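Trainee: Could we go through this model together, one question at a time? I'd like to see how each answer is reached.

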Amino acid sequence: MDLQSLPVLTALSDCVTIVEKDSVKIIRVDHEKASAGIALHGGHVVSFKPKDQDDLIWMSNKAIFDGKTALRGGIPVCWPWFGRIAAPAHGFARNSEWELIEHRENDHGVIVELGLMATEESHQLWPHLFSARLTVEITEQLKVTLKVENIDEAAWTFSGALHTYLNLGDIEQVKTTGMGPEYIDSLQNDEVIIGGNELILTDTIDRVYTQPESAIFVSDPLLHRTLNVENLGHNSAVLWNPWYEGAKGMRDMEDNGYKTFLCVESALHAPTLEQGKTLQPGESHELVTIISAQ
């Protein structure tokens, strides 16, 4: 995503400015190690470019920046649930306006922290008190940490995901490893399937890998790099690509948009909201994804 052409609203430091795309404010980071963009709408990373590299993050050219619609691409924050186990799909965090808490920088990079608290609107969807913090660390690699804390008087359960869209040269030339052998196939009535150690796609995929390795590698010969995705605080890794028919049915994705991305997601997956992870009052949990190229 081209952030350099967007109008500047506020300069916060030598490295950090706030720019605007249509109705969405974006924190733009320009550091000698890397550049990045984080939309306040959704707490949504929209770009991460290490020095002298193509963007590691894919954004749809038809993404809707109206400040209401969830952005297509980037790293959507799916919370306090993942999937269609409640409404709206993937929770309300990706449609909420996050607040810039702080930013700091040094020779190694920039750290941006955003916050989200319960509102009357969120309470109608999910009647609990919470504190959510999204910390985005921009160095030679990208580290995104979602920390959620129960500040209510009773326990609550949740699921979630950092729904990363990786930017690729050609999906049909990409080889993925490290996702583990077992997956729940959403395209086959959630059947549990044992697969191979390598994945080369020729059609749509929507899988929850239940035994991922510590790092997932996406080898991209066209862009001459391998993307490394390390996830923490998760119980699964979700891989998704809608392929042509799926992309064609989305108003915020070009028909051929599927060709240049693969979602590799750090996920706390649960079949129902009640079966999600439980936090007692005062407890917190961190969900992390770390993305780099080699």
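**Around the annotated residues**

Trainee: Which residues does His163 touch, not counting those up to four places away in sequence?

Mentor: Contact here means heavy atoms within 4.5 Å. By that test, and setting aside residues up to four places away in sequence, His163 touches Gly74, Ile75, Pro76, Cys78, Phe82, His90, Trp240, Cys263 and Glu265.

Trainee: Thanks! What should I keep in mind about the model itself?

Mentor: Residues are numbered from 1 along each chain as its sequence is written, and side-chain values use heavy atoms, with hydrogens and water left out. The model is predicted, with local features needing pLDDT of at least 70 and side-chain atom pairs counting only at pLDDT 80 or more, while totals for chains, interfaces and linings use all residues.

Trainee: Where does UniProt place the feature "active site"?

Mentor: The record is an unreviewed entry, and its positions follow the numbering used here, with shortened feature names and annotations that may be inferred rather than shown by experiment.

Trainee: Is Glu265 buried or exposed?

Mentor: Glu265 sits in strand β22 (residues 261–268); strands (E, at least two residues), like helices (H or I, at least four), are DSSP runs numbered from the N terminus. Buried means under 20% relative accessible area, exposed over 50%, and partly exposed in between, using a 1.4 Å probe and protein chains only. With a relative accessible area of 1%, Glu265 is buried.

Trainee: What joins the side chains of Glu265 and His163?

Mentor: His163 lies in the loop between β12 (160–162) and β13 (165–167), and it is buried too, at 7%. A polar contact is a pair of N or O atoms within 3.5 Å; within protein, one must be able to donate a hydrogen and the other to accept it, and residues adjacent in sequence count only if both atoms are side-chain atoms. At 3.4 Å, what joins the two side chains is a polar contact.

**Charged pairs**

Trainee: How many salt bridges does the structure hold?

Mentor: Side chains of opposite charge can pair when their charged atoms come close. A salt bridge is a side-chain nitrogen of Lys or Arg within 4 Å of a carboxyl oxygen of Asp or Glu. For this structure, the number is 6.

Trainee: How many residues apart are Glu113 and Arg133?

Mentor: Glu113 forms a salt bridge with Arg133, the closest N and O atoms being 3.7 Å apart. Glu113 is in strand β8 (residues 109–117) and Arg133 in strand β9 (residues 130–138), which makes this a link between distant parts of the chain, 20 residues apart.

Trainee: Which residue meets Lys175 in a salt bridge?

Mentor: Lys175 is partly exposed, at 32% relative accessibility. At 3.8 Å, N to O, its salt-bridge partner is Glu198.

Trainee: Which side chain of opposite charge is nearest to Arg207?

Mentor: Arg207 lies in strand β18 (residues 205–209), and its side chain makes a polar contact of 2.9 Å with that of Tyr209. For charge, Lys and Arg count as positive and Asp and Glu as negative, while His and the chain ends are not counted. Arg207 is buried yet has no salt bridge, and the nearest side chain of opposite charge, 4.2 Å away, is Asp185.
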